[in-house]
Each structure stands twice: as structure tokens, then as C-alpha cells.
Amino acid sequence: MKKIKNYFQLHRKNYFSLGIQTTIMVAMSTVTFIIAILIGVILYQRYSRSLSQLSVLDTQQIIEQTSRNFEGNLKDIRQISDTAYYNVIQEHVVGSQEFAHDLSLLYDTNQNEVVTIALYNQNGSLISAEPVSQQKEDPNVTQQKWFLQATSEIENLHFSTPHIQNLFEDSSHKYHWVVSVSRAVDITNQGEPEMGVLLVDLDYSIISDVMEQLNDKENGQYFYLADRDGNLIYHPKAVQIQRGFKDENQKKIVALDDGIYSDRLNGENRQIIVGTVAYTGWRLVGVIPESASTPSIRRFRYFIFAALTLLIMMMLLVNRIVAKRISSPITRLSESVKDYEAGSKPSIYIGGSSEIRHLGLSVQKSYEQIDELMKEIVKQQNKRRKSEIAALQSQINPHFLYNTLDSITWMIESGRNQEAVTMISELARLLRISLSKGRTIISLEDEFQHSKSYMNIQKVRYKERFQVEFDIEPEVMQCATVKLIVQPVLENAIYYGVGEMDSDDEGKIIIRGQKKGEDIYISVIDNGFGMSQETINEIFSGKERKSKRGSGVGIINVHTRIQLLFGSEYGLSIESELDEGTTVTLHLPAIPFTEENRKRLEQDMEGKEAK
């Protein structure tokens, strides 16, 4: 009887062990299967979406790059037209030897891009042309679209659609496809002022070659170019469209703004990407048919199916092993707990992985280590912040330094030794004050000397494109300041104010220092392009402005360092108006610069930085 009882007890334990293992394995396998299916579906959807997005993004980037290339070519043609008008037609008497020489030279310089440069009077009679060619009999110039556009809208530069150049005889019997660029011009013909029309014919192959390179894809994607009225300038299927074998809804597309659109033509869904070519209003359009991504999606579908099948098989094997390893210690722990509850007082089974046995101790040690690490991190961050502020205060724009040294080298090579000596002296003063023996507090006299050296260097680099005026009251000079607060503002005034102004405009920067009561106000005033209120708000919000030339010691850093040392009632303010100029005002307390005050302010700043 006892043996029978022991037999049932043994098989009872095996039954419960098998039940736990089976339950775990079934649960894990079910979860694995569901997760695998969800992963497959999500991957498939994300891949399809990403493939479409990447295709659209790639097409959009191609359109943007191609538009920039076209804009560069068209800008060259515009400059050729401007040169012909302002440097040849207006500078010389029409028909004179100098006129013919300069016009011929202009054509020879640009003959890779230009087919013809011609000048007509208001009656359509040819005055001059390059290359020298015989005009065809009665080309009916006054009725051609480029001539009508130039005479009807005399203030604009006009770009025509591609056409065969039919004005001049060609000894080689070539038919030149061109894009005509025409404009109305004022000429002096035989001593009498009159209106004429300047014609520059751009070689159409410049455009067609670029478009042919874009349309080398084999997946059905293509690009075409149309003017603002929907007239095709280039289309890979232009012949089929003209003969009615293919449709294109370009007149609808060119009316859209630049962007990405969904379209349907002849029963097929398409993605349309539209971009604009500057100067002309031409629309560059990329078309991605829905079928373009079908082969890739089909291949990915097969890959997903194979990968998921292999993953499920591997996970079933892993689940079986894991279920067995999990169920065994759980069963033994359950038996030991039952024996303990029965009063036998055995030791509780502690098994399984070592990580579980020592979890509590590990967690406790982890918390202690985390606490120590947090203290160390705070300490390191304080040191790092102090180092970063010190670095910002003494930072010199490397591009500024490199360009200055290049300018000095150029001066020496050009024999301008005295100017090179001046530049080196100014650079030495600038570096001396920037370093300041590691000090943070300097006198305003040194700060303005640093600014003068900086502006003297910049004036040479910018070839005296702007004027600089310092208007500083004498009592301001002997007051204390945190160093390098004026130079970043001057840098901003040059780069975003007067530095890019045309030579015809007289750029000017005024640095004014005034003492009013117990306060000092330093104003940097420029008559440059100015900035919007939105830009000013971005500066004070701390958002990074994208610039290839900024020093990194931004004016928001100046504002922060002034307030850090002197308090929130001081700092920096900006007043600006677009196309009028900008005034940046620094507000400081009037503290005399003495050694005692310098040490006290240095200690105050170190204490505030540590906090």
C-alpha cells in the first residue's frame, strides 16, 4: 500500500512539472507567433512607406539640385545679357569699333553656352550680331514671341520656350535649338536715342543634356520641364505626346505650388513632385508611378516570409529550452514551500540563476553606486560648465584667424609690407586682450581696443566696404566689464548687417559708449539689412542660427554672461528694422576698474558659475 502511495505521489509531481512546462511553452510560442506576424506586417508596411518616402525624397532632392543647376546656367545667361547691355551697349556707340570688339569678346567668352547675341532696333532691323552671320530674308522679327514680350514688358527679362533658331543663315546647315532671352534696351543709334531689343540665344542642349541624365531610370519614373503656361520645355516622351500617343496633365501640374502631390492619370496613381526654376517661372516636375516600387516590394515580401518562417522555428526551439529551465526550479521551489508549510521546517530551495539569487544584494549595491556616480557627475558638470564659459570668453573664430593670416601673406607677397605690419600689430593687440592673462574682468578701455583691432582687421578683409566710428565718452573707458562682449556684436553687425551690402551702398557701423547716472550703455549701430522681430526672438530664445561664418560666441552668450555677473536688470537689447539697420545696446553698471574691484568680480563670477 505504501509503494502504491509513493508511486502516485511521484507521477503527480511529474504531471505538475509537465503542466508548467507545457503552459509556459504554449504561452511563449503563441506570443512569439503573434509578435512575429505583427513584426512582419509592420516591417512590410514601414518598408513600403519608407520606400515610397525615400523615392519621393530622392526625387525632391534631384529636383532641388537640378533647379539650382538650371538657376546657375540661367543666372550666367542673365549676367551675359546684363554685361551686353550695361558694359557694351551703354558704354559704346552702337556700330563703333569698340562696340563690335566688346560684343565679339563677350560672345567668344561664352560661346559654349550662347548660340547668338543680337541687337535689333524697335522696328525689328538688325543692328549687330555675334557671331557675324547673314540674316535670313524677312525673318519677321517683330512678330516673334521673344520680340513682342520684350517690347510689351520692357522692364523684364524674358525667357522663351525651346525653338529652332531661324534668324541667321548657317553655312553648315545646322538647326540650333535655343531658348531665347530677350529684353528691351536703350541704345544710341547714329546719335539718336531709341529703344532696341537685345537677344541672347541659350543653347538648348545645356537643358536637354541635364534632363536626359535625369531620365535614365528604368522603373518608370521620369522628369519633365514646362513653363508657367504649361508649354513643355522638355519631356522624355515629347514626341509621343505631340502625336497623341501619350497624355500628360502638365497644365494642371504647373498651376500647383512647389511640393509633393498625389495624382491619377489614365487609371494609374502617381506621386508628383513640383519645383520652380528661378528667374523663369519654369516648373521642374518629377513623376513617380505607383508601379515604380512594385518589384522591390514583391522581393521584400518574399524575404519577409522566409525570414519570419526561420524566426518562428528558431523561437520554438528556444522556447522549449527556456520553458524547461524555468519550470524546473519553480517546481522544486514549490515543493520546498509546501514542505515548509507542512511544518517540516526544511530549508527553502534557492536555485536558478546566480543573478536571481543575488538580485537584492545587486540592487542595493547598484543604488549605492548610482548615488556616488550622480555626485561625481554633478561635480564634473560644474567643472565642465566653468571650463566651457572660460573657453567661450577667450574663443577666437578660427576662420577669422585663418583669413587674417591669409590676408597678411597676400600683402607681403604683393609688397604691401607696411599694411602687413599694421595687420600683424592689430592681430597681436587682439590676441593679447583676448587672452588677458586668463582674466575674465578687464577695463572697457581694453575692451574697446580689442574691438578697434578687430574692426581694423575686418575693414582690410572687406576692402573698406564699410566705415567704422567709435564715439566713446572718456569716463566710460575706466570702468570694468566682463571681457569680449562688444566683438561678438560687431561680428554680428558685419556678417548679418553691412558685410554683404553692395558697393554702391555705404555701410557704416557706429560704436557709442555713454555713462548715464550709475549705468553704462554701449550701442552698436549699423545701417545694414536689419532683422525681423521673429529673428530677434530666436536670438533671445537661445535657438542656434545656421551660419557658416559665425564665431560661436553668440550675442545670447554675451547677454547671459552680463546677467550672470551683474544681475538680471542688466544685459543686452536689440532694436532692428528690415532694410534700415540694427541697434544692439549693452547695459552695464558703472564700476570703476581697479585691482580690488577686478578680483571681487572674478570671485563673484566663479561663485555663480559653481551654482
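**Chat about a predicted model**

Biologist: How do β15 and β16 pair, and over how many bridges?

Modeller: Strand β15 (residues 507–516) pairs with β16 in the antiparallel sense, over 8 bridges. Strands and helices here are DSSP runs numbered from the N terminus, a strand (E) having at least two residues and a helix (H or I) at least four. Two strands pair if DSSP finds at least two bridges between them.

Biologist: Which residue is the bridge partner of Lys-515?

Modeller: Ile-520 in β16.

Biologist: What ground rules apply to this model?

Modeller: This is a predicted model, where local features need pLDDT of at least 70 and side-chain atom pairs count only at pLDDT 80 or more, while totals for chains, interfaces and linings use all residues. Residues are numbered from 1 along each chain as its sequence is written, and side-chain values use heavy atoms, leaving out hydrogens and water.

Biologist: Where is confidence lowest, and where is it highest?

Modeller: Helix α8 (residues 354–357) is lowest at a mean of 52, and strand β16 (residues 519–526) is highest at 94. That is pLDDT, the predictor's confidence in each residue, from 0 to 100. Over residues 1–17 the pLDDT is below 50, and this stretch has 2 contacts beyond near neighbours in sequence; contact means heavy atoms within 4.5 Å. Residues 547–553 are also below 50, with 18 such contacts. For the protein chain, the mean is 78, and 78% of residues reach 70 or more.

Biologist: Back to β16. What is the strand order in its sheet?

Modeller: The order is β13-β15-β16-β18-β17, an open sheet of 5 strands with mixed pairing. At the edges, β13 (466–472) and β17 (571–577) each pair on one side only. Neighbouring strands are turned by 10° against each other on average, direction ignored.

Biologist: Which strands does α12 touch there?

Modeller: α12 packs on β13, β15, β16 and β18 (581–589), and its direction makes about 170° with that of β13. Angles run from 0 to 180 degrees between N-to-C directions, and axes are lines fitted to C-alpha atoms, for helices over the stretch in contact. Helix α14 (residues 487–498) lies across β13, β15, β16, β17 and β18, at about 150° to β15.

Biologist: And at what angle do α11 and α12 cross?

Modeller: Roughly 145°, with the axes of α11 (residues 417–435) and α12 (residues 444–461) coming within 9 Å. The contact includes Met-423, Leu-427 and Leu-430 of α11, and Gln-449, Ser-453 and Ile-457 of α12.

Biologist: Switching topic: what order do the strands take in the sheet with antiparallel pairing?

Modeller: β8-β7-β11-β10-β9, again an open sheet of 5 strands. Its edge strands are β8 (232–234) and β9 (259–265), and the twist averages 35° from one strand to the next. Helix α4 (residues 205–214) packs on it, touching β7, β8 and β11 (282–289), with its direction about 155° from that of β7.

Biologist: How many bridges join β7 to β8?

Modeller: 2, and the strands run antiparallel. Leu-225 stands opposite Tyr-234 in β8.
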